[in-house]
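These are my notebook entries on a structure that I consulted today. I set down what I looked up, entry by entry.

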Amino acid sequence: MAQQLASLFTRVGQLGFGVAVVGGVLNSALYNVDAGHRAVIFDRFVGVKQVVIGEGTHFFIPWVQKPILFDARTRPRNVPVVTGSKDLQTVNITLRVLFRPISDSLPRIYTTLGPDYEDRVLPSITNEVLKAVVARYDAGELITQREKVSRNVSEQLTERSAQFGIILDDISITHLTFGKEFTQAVELKQVAQQEAERAKFLVEKAEQEKKAAVISADGDASAATLMAKAFGDAGEGLVELRRIEASEDIAYRLAKNRNVVYLPNNQSTLLSLPQ
């Protein structure tokens, strides 16, 4: 009985070991392609297969085949470029691109470029296209016609990237600056324009003040003429009338003041009152 139990345990152990070995072999022959990814198979005998593997769990032959995974989702990349404009100004541009590989072109991409294809392609073609496009415009046109520049860059860069099996979903200029000398020249121009506007305003103000002074002088001359005529017609009566009116006004103001209760004697007033 004991020998039978020992034999049974030995067979169970052998069976478990066999299952473990088979499970390990099967596990080593499986690979997963996550969502948004694609895979190509490298075969040691035939090279890279032209079949692109989609998402899910798949079989491969260990030691003979090797799966290479690619991210097929849209990803962003910023590419800074220093170039020159048509009027020989230094231009610093940063281009943001959203790119993804063409799934059917992944075997060719892996064969010719490798898994780091974006590092090999995007900086070089972006430099090439930006330098070619920016060289057509002056520095001022790069600012005022930015939408047109961006459209030209997008068209040419999309065409160039398609040659390498890359799709560009979006292209935009996120940063555009010029050299230090050009920036200083623009600032000096703005200051000069502001000074010119200020000088123009001062000239116009002086002209208006001059006209106002002439009008005021003409008014004073006319008033003096009328006063002289009035004095000639009425004699000193007009002066006496103004003195009486002024005295009445002074007396009224003093009467309203609680600190003054009487008019002191021997004080000169505008109108000499009888004692």
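I take helices (H or I, at least four residues) and strands (E, at least two) as DSSP runs, numbered from the N terminus. For the expected span of a helix I use 1.5 Å times one less than its number of residues.

Entry 1, the source. The model is predicted, and I note that local features need pLDDT of at least 70, that side-chain atom pairs count only at pLDDT 80 or more, and that totals for chains, interfaces and linings use all residues. Residues are numbered from 1 along each chain as its sequence is written, and side-chain values use heavy atoms, with hydrogens and water left out.

I find 17 residues in α5 (residues 146-162). From first C-alpha to last, α5 reaches 24 Å, close to the 24 Å expected. I call a residue buried under 20% relative accessible area, exposed over 50% and partly exposed in between (1.4 Å probe, protein chains only). The buried residues of α5 are Val149, Ser150, Asn152, Val153, Leu157 and Ser161. They lie on the same side of α5 because their arc around the axis is only 160°, taken from the directions from the helix axis to the C-beta atoms. They pack against β7 (90-101), α3 (117-134), α4 (139-144) and β8 (166-178), contact meaning heavy atoms within 4.5 Å. Glu147 and Glu159 are exposed on the face turned away from the buried side.

I located Trp63 in the loop between β4 (56-59) and β5 (65-71). Trp63 is not a glycine, although its phi is positive, about 70°. I located Leu88 in the loop between β6 (75-84) and β7. Its phi is positive, near 65°, and Leu88 counts as exposed because its relative accessibility is 77%.
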